[in-house]
Amino acid sequence: MHNTKGSIVQADDEQIDMKADLIVKGRNILNELDNLHKHMLLLPRDQELEQKYPELKEAYNAYNELYREILIADKMRET
């Protein structure tokens with residue numbers, strides 16, 4: 001596949017920027033990730049804000065840990 005109007009992929013030392021969907025064996029990878037986040041009830045992360053405010057990262061991690069523990073406890077009660 002060639003893009004004659006410009007580069008679909010740009011890269012530098014720190015990141016790769018794709019201006020097209022990434023499809024693997026007919027599956028859109030970004031859609032798959034979005035669906036995983038949605039079904040696992042994962043909150044989105046903002047790495048720039050987490051760097052600026054480290055307490056955000058700590059709060060996010062604490063929330064996810066507590067959430068998992070509650071899910072496990074609920075499943076154990078159901079059995």
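How many aromatic pairs does the chain hold by the ring-centre rule? The count comes to one aromatic pair, where rings of Phe, Tyr and Trp (its six-membered ring) pair if their centres lie within 6.5 Å, and planes under 30 degrees apart count as stacked, over 60 as edge-to-face and the rest as tilted. The partners are Tyr-63 and Tyr-67, which are stacked, with 6.0 Å from centre to centre and 25° between the planes. Because Tyr-63 and Tyr-67 are four residues apart in helix α3 (residues 54-78), about one helical turn separates them.

The structure is a predicted model, in which local features need pLDDT of at least 70 and side-chain atom pairs count only at pLDDT 80 or more, while totals for chains, interfaces and linings use all residues. Residues are numbered from 1 along each chain as its sequence is written, and side-chain values use heavy atoms, with hydrogens and water left out.

Turning to the overall layout, the chain has three helices and four strands, arranged along the sequence as β-β-β-β-α-α-α. Helices (H or I, at least four residues) and strands (E, at least two) are DSSP runs, numbered from the N terminus. Of the 79 residues in the chain, 5% are buried. The chain exposes about 7,800 Å², with carbon and sulfur atoms supplying 56% of that area; accessible areas come from the Shrake-Rupley method with a 1.4 Å probe, and for residues only the protein chains shown count as cover.

Among the buried residues is Glu-50, at 12% relative accessible area, found in helix α2 (residues 47-52). Its side chain makes a polar contact with the side chain of Arg-45 at 2.9 Å. A polar contact is a pair of N or O atoms within 3.5 Å; within protein, one must be able to donate a hydrogen and the other to accept it, and residues adjacent in sequence count only if both atoms are side-chain atoms. Leaving aside neighbours within four places in sequence, Glu-50 is in contact (heavy atoms within 4.5 Å) with Arg-45, Leu-56, Lys-57 and Tyr-60. Tyr-60 lies in helix α3 and is buried too, with a relative accessible area of 13%.

Another links Glu-32 and Arg-27 (2.9 Å, N to O), with Glu-32 partly exposed at 31% and Arg-27 partly exposed at 48%. In helix α3, Asp-74 and Arg-77 are three residues apart, about one turn of the helix, and their closest N and O atoms are 2.5 Å apart in a salt bridge.

Methods
Buried means under 20% relative accessible area, exposed over 50%, partly exposed in between (1.4 Å probe, protein chains only). A salt bridge is a side-chain nitrogen of Lys or Arg within 4 Å of a carboxyl oxygen of Asp or Glu.
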